[in-house]
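Hi,

Here is the structure I promised to send over. Have a look first, and my notes follow below.

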Amino acid sequence: MSEPSKQHQVLFVDDDRAFLQVIRDLFVSWSEDAWQVYCAESADEALGILKTRKIDLIVVDVNMPVLDGIQFIRILNRRYPHLKKAVITGFATEEKRSTCLTEGAELFIEKPRSADGLKSVFTMLCELVSWTPQKGFQGVLRQVGLYDVIQMECLGRNSSILEIHNRQIRGRIYIEDGKIVHATAGDTVGHDAFQKLLSLASGEFQLQPFEPPSERTIEGSWEFLLMEAARVRDETASQAPAIKTAAKPEPSPVAEISPAVSGFPVRVSETLICSGQGDVLYAWQCPDVNTRVTLLQHIAQQTTRLGQLLPLGSFDRLEIQLATGRVVAQVKPDRMILVHTAPVTANHSQKQA
Amino acid sequence: MNDTLQKWLVSDAIAPGMLGCGALLPDRTCLSYSFNETCTREQLDSMLHQLAETMALLASNGLASRRLTWAFEQGRVLLVARPDGLLLGLATQSNTEAAQNVDRLAADFLKLDLSH
């Protein structure tokens, strides 16, 4: 027996009362009660409904008095960025279509003039309301180092799945509470799969919500795993005859890593993790912990102000490009992290040896 | 200098997904352009002053940088500094043409001849 599906909450905003009545009757019937339809004759009324109901999809008429549909979509985009939005109009033009889609509408529909047309609109809206946007974030290996992402997830003690793929291979790295617990790359699993994925010179990745893996094939500290993967990658690149994975040396306090961005080895030279209130949870090689905490607090305050000025959603991280090296600062309500990476110098390599 | 910069900002920076851009001159005046109603010139000016403040604070903490990127869920804010003290700020939405152009714009800004 299948589980009962969720009832979608759909709000129509149109100053044409008769049209709203038709929509309500037909769409509730066609959806076989899978839709709860709300109607509003003005933007004000719609905002009132949005405050009290958890609406999944809003369908707005462009030509409304006082506040037209385009302005309304713009407001909705700011106040409810995750709400799915469609625009409907009796007078469609390419300019209107382009404006509405730019302002955040997912769908631009011309008002139907027949029952068949209404059915098509219903089908399109069904598709939209059932569509689930991907959670997490995505990127390209050349733009953001895979090592950086794994470090951030592990330092933040997050749980997530990193899906990585290019034309040759597709794989997953499972991170649970900041520990790398499993990896798959094609038919390979475990350490070999992890190293194979981290050896990719190009590709794309997506950070997905965590789901427990079918097995746990990886143990050990993430610093060591990254360092080992970097070593294997370098050896492979220089066509070394053998890849040693069985004998594992003691992990170094400094994780030497090789970002996919540059291909040059870098090392973590400073790490600081604080609570959201600035209490130091972990500090390693910080020149002055208190100054660094103050700096993170300044970044936190500033990102709040930036977030108020610009409609860009929640803050993820600040990347500070230095003359040699890079700092990434992540500020969340419950934690603040600063990681400083620098290129491996000849002196440092000798010290490590 | 202002004319060249102004022309460059208006002609090169505008692309779908660019919320706004602006330059902070060494005398602390701003030359901002908004390409989206959600982001006014006043907001861009305020943003530029804030970002410049952070760049200075970072430098005083031993983290002198010529390029800062604030990554948000739905876009990025980039600050690039020239050796002559001129700063460029760009606010772009994710997955747009403007976002793809950011590196090219930053490179062009650094090479921009403002001597006349």
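I call two residues in contact if their C-beta atoms, placed from the backbone, lie within 7 Å. On that basis, 25 residues of chain A are in contact with 27 residues of chain B. Bear in mind that this is a predicted model: local features need pLDDT of at least 70 and side-chain atom pairs count only at pLDDT 80 or more, while totals for chains, interfaces and linings use all residues. Residues are numbered from 1 along each chain as its sequence is written, with chains lettered from A and ligands numbered from 1 in the order in which they are written.

On the side of chain B that touches chain A, α2 (41-60), β3 (65-72) and β4 (75-81) each supply at least two residues; helices (H or I, at least four residues) and strands (E, at least two) are DSSP runs, numbered from the N terminus. β3(B) gives the most, with eight residues.

β3(B) also pairs with strand β15 (residues 315-322) of chain A, antiparallel and over seven bridges; strands pair if DSSP finds at least two bridges between them. There, F315(A) stands opposite F72(B).

From β15(A), follow the sheet on into chain A. Four bridges join β15(A) to β16(A), again antiparallel, and I320(A) has V327(A) as its bridge partner. Three residues lie between these strands in the hairpin, where G325(A) takes a positive phi near 110 degrees. V327(A) also stands opposite H340(A) in β17(A), and β16(A) and β17(A) form a hairpin with two residues between them.

Cheers
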